[in-house]
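Please open the structure in your viewer and keep the selection tool at hand. The stops below say what to select next and what is there.

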Amino acid sequence: MQRIGVFVCWCGSNIAATVDVERVAQTLAMEPGVVFSTDYQYMCSQAGQELIQNAIREQRLTGVVICSCSPRMHEATFRKTVEKAGLNPYLLEIANIREQCSWIHKDREAATQKAIILGRAAIAKVQLNTPLTAGQSPVTKRALVIGGGIAGIQTALDIADAGFPVDIVEKKPTIGGKMTQLDKTFPTLDCAACILTPKMVDAAQNENIEILSYAQVEKVQGFVGSFTVTIRKKARYVDETKCTGCGLCTEKCPQKKVPNEFNLGLDTRRAIYIPFAQAVPKVATIDPDYCSMLKSGKCGVCSRVCTAGAINYQQQDTLLQREYGAIVVATGFNPISLEKFDEFAYSQSLDVVSSLEFERLMNAAGPTGGTLLRPSDGTHPHTLVFVQCVGSRCDGGEKGKPYCSKICCMYTAKHAMLCREKYPDTEVYVFYIDVRTPGKNFDEFYRRAVEEYGVHYIKGMVGKVTPQDGKLKVQASDLLGGQQLHIDADMVVLAAAIEPDESARSLATMLTASMDTNDFFTEAHPKLRPVESPTAGIFLSGACQGPKDIPETVAQAGAAAAKVIGLLSRSHLTCNPCVARSDEAMCNGCSACEKVCPYGAITYVDKDFRGPNRTTLRRRVAQVNPAVCQGCGACTVACPSGAMDLQGFSNAQILAEVDAICK
């Protein structure tokens, strides 16, 4: 005989302000099988948990229903509570009457009725619940960091310092990411290379870190604590173990007209190249799209001048398969393409540049040696116009992004200050919608640009930029002054919005990780679990999760590392017992479930079954590996014969909930 207890939480006024919790408790007390029903102001508090435990013991409850907030918040808490009272933790059901009820209703009567229905559905399900026992799985004590920017480097260093081995997979020939392209950092105006280079060297020299540059993740299988990852290491056509990084090959290569992606196409490089002087690893890479030897078999100069014998034109991509206990995503960001913003003449004039291109023009290691020159004719610009929010905060998101890119206000202030400091003869105008400076010392930094350096900040938008007679005719509005402005500029700098790296979407599919509508990775909880993905064992670091500056990125990298260390410190993990199970008598061996399983938990075996007239029939049936299955339920939906069922969420339990809602 079922003896079910119902506990309705007020959640302060979160639920009680909209839902008549006393009436809910009284109504649910009349449901079949319910022997105890009460309400309490904070069911998750210590007193609330003691109330539940006492009721389980005194009323000899066989099942518990808690009507409260989302199970994402407190399901683990309440499972521990009922377990301490001697009840199997999987004989608990939570009816979400906060997020799914009180928070979305204004009418008290409608909210109360819905809360009763949700509670009734949970009671119907708990009556069919069976005790489940969680198993254990071992933890592979190695971490994978995908992305070698400042976020990935800091995460790897922190994990390695705790004594765990880490692999950094970076798709480019060197680690460092976007920060390697910066000149100075705000708000301190420190040299970006001076901050980053020691970190890169530390990562290369750390005995617990292996850098897999010029590589990418091809396939991810498994689950938290036991991921199997296939990594493609692309052919450099240079033996990394032999190359000394002397650079002689890059000096002698006759193919000089290759666009230099590190300088964003503002200059050229050779077909064999080292991206920049502080590259880690400092190993040459041959670009197969431009190398004459690889394309036509004619040349071979780099091979002849290489004294180390590192050049290998026959080198092929190699696939590595490794085991990891945790994976950190640190894929970073890219500025959006400005081709759609033709009103700013970006595709019409070389003197209209993005902020990152301007950064390279100001950098001592950039294409002009740190001297600010107009790309069109190499002359010194005297009037510069900076345009904020290009592609950020766009309504509808057709041309740009609906969100604020967060870093643009500050790096524009940095650029304006550096211009005025290095070239006092320049006039600098900044057109903005709003100036956002929420970080430590950020507002003081912005005010220095205005008050100390004399930068002209104008609230308004640039409507059009027209190249004419060697100048850029800028038409803009001054909203505070109530007038239209016409400025003859020498250069226009566009603060382009940032977006996730183009690899993020495909990587999320491999990791079965969640993403938002803007392709940023979604955290498990925005406040309580900001560096964890909803997929167990997957952690987030840096701008892959949303726009952020360098200090915030480093802080999040450390937080992600701490979570990984906590995971790798455990010898075993408790498995989720809510896994799929195949009814072999009903299975027809169609493979539908195997094809949709994202974890590779389903295999097929041939088994003997007793047929009619005592004959033996051999049939192909599905089997589920409970250690690999994560209980996503995809197989139960795909199975045409109904042989697949999910423990804890069986078809019978789900249908019982539906019947309870509809009655």
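A polar contact, as the term is used here, is a pair of N or O atoms within 3.5 Å, where within protein one must be able to donate a hydrogen and the other to accept it, and residues adjacent in sequence count only if both atoms are side-chain atoms. This is a predicted model, in which local features need pLDDT of at least 70 and side-chain atom pairs count only at pLDDT 80 or more, while totals for chains, interfaces and linings use all residues. Residues are numbered from 1 along each chain as its sequence is written, and side-chain values use heavy atoms, with hydrogens and water left out.

**Helix 3**

Select S70, which caps the N-terminal end of helix 3 with a side-chain oxygen 3.0 Å from the backbone nitrogen of R72. Helices (H or I, at least four residues) and strands (E, at least two) are DSSP runs, numbered from the N terminus. Now extend the selection over residues 71–84: at 1.5 Å a residue, the 14 residues of helix 3 should span 20 Å, and the end C-alpha atoms are 19 Å apart, which agrees; the expected span is 1.5 Å times one less than the number of residues.

Within helix 3, colour H74, F78, R79, T81 and V82, which are buried (under 20% relative accessible area, with exposed meaning over 50% and partly exposed in between, for a 1.4 Å probe and protein chains only). Their cover includes helix 2 (46–59), strand 3 (63–68) and strand 4 (92–96). Just after helix 3, G86 takes a positive phi of about 95°.

Next, show the open sheet whose strand order is 11-12-17, with antiparallel pairing; two strands pair if DSSP finds at least two bridges between them. Strand 11 (215–223) and strand 17 (318–324) stand at the edges, each with a single partner strand, so one side of each is left without a neighbour in the sheet. Strand 12 (residues 226–233) and strand 17 pair over seven bridges in the antiparallel sense, and T228 has E323 in strand 17 as its bridge partner.

Stay in strand 11 and select E218, which is partly exposed at 34% relative accessibility. Beyond its neighbours within four places in sequence, E218 is in contact (heavy atoms within 4.5 Å) with residues including T230, L319 and M510.

**Cysteines**

Where is the closest cysteine sulfur to that of C299? It belongs to C253, 6.1 Å away and too far for a bond. A search of the whole structure finds zero disulfides, a disulfide being a pair of cysteine sulfur atoms within 2.5 Å.
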